[in-house]
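Visitor: I am new to this structure and would like to learn how to read it. Could you take me through its features slowly?

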Amino acid sequence: MDNMTFGKYIPGNSIIHRLDPRLKICAVFIFLISVFFDAGFIGYGIFSIYVLLC
């Protein structure tokens, strides 16, 4: 069980680590919306832009 990294804090100094927690929650919310609205080119475009920004 020591090998599991899910839910485990991993120290680091990346852009993601330095973000405000509220921004991280908003980013996850936008990600979920884009996943569920991926019907068509607009949804795929939004999803692709979001993935590239992350």
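Guide: Let us begin with a general idea: a salt bridge is a side-chain nitrogen of Lys or Arg within 4 Å of a carboxyl oxygen of Asp or Glu. Please keep in mind that this is a predicted model.

Visitor: Which side chains meet in a salt bridge here?

Guide: Asp-20 and Arg-22 form one, with 2.8 Å from N to O, and by this rule the count comes to 1 salt bridge.

Visitor: Are Asp-20 and Arg-22 buried or exposed?

Guide: Residues under 20% relative accessible area are called buried and those over 50% exposed, with partly exposed in between. Asp-20, with a relative accessible area of 34%, is therefore partly exposed, whereas Arg-22 counts as exposed at 62%. Across the chain of 54 residues, buried residues make up 6%.

Visitor: How many helices and strands does the chain have?

Guide: There are 3 helices and 0 strands, so that, in order from the N terminus, the elements read α-α-α.

Visitor: How do the axes of H2 and H3 cross?

Guide: The axes of H2, residues 21-36, and H3, residues 41-53, come within 9 Å of each other and cross at roughly 150°. Because angles over 145 degrees count as roughly antiparallel, H2 is roughly antiparallel to H3, and H2 passes H3 in a left-handed crossing.

Visitor: Which residues make the contact?

Guide: H2 contributes Ala-27, Val-28, Ile-30, Phe-31, Ser-34 and Val-35, while H3 contributes Ile-46, Phe-47 and Tyr-50. Sorted by kind, the residues of this contact are 8 nonpolar, 1 polar and no charged.

Methods. Residues are numbered from 1 along each chain as its sequence is written. This is a predicted model: local features need pLDDT of at least 70, side-chain atom pairs count only at pLDDT 80 or more; totals for chains, interfaces and linings use all residues. Side-chain values use heavy atoms; hydrogens and water are left out. Axes are lines fitted to C-alpha atoms, for helices over the stretch in contact, and angles run from 0 to 180 degrees between N-to-C directions. Helices (H or I, at least four residues) and strands (E, at least two) are DSSP runs, numbered from the N terminus. Angles under 35 degrees count as roughly parallel, over 145 as roughly antiparallel, 65 to 115 as roughly perpendicular and the rest as oblique. A crossing is left-handed if the near helix is turned anticlockwise from the far one by less than a right angle, and right-handed if clockwise. Contact means heavy atoms within 4.5 Å. Ala, Val, Leu, Ile, Met, Phe, Trp, Tyr, Cys and Pro count as nonpolar, Asp, Glu, Lys and Arg as charged, and the others, Gly among them, as polar. Buried means under 20% relative accessible area, exposed over 50%, partly exposed in between (1.4 Å probe, protein chains only).
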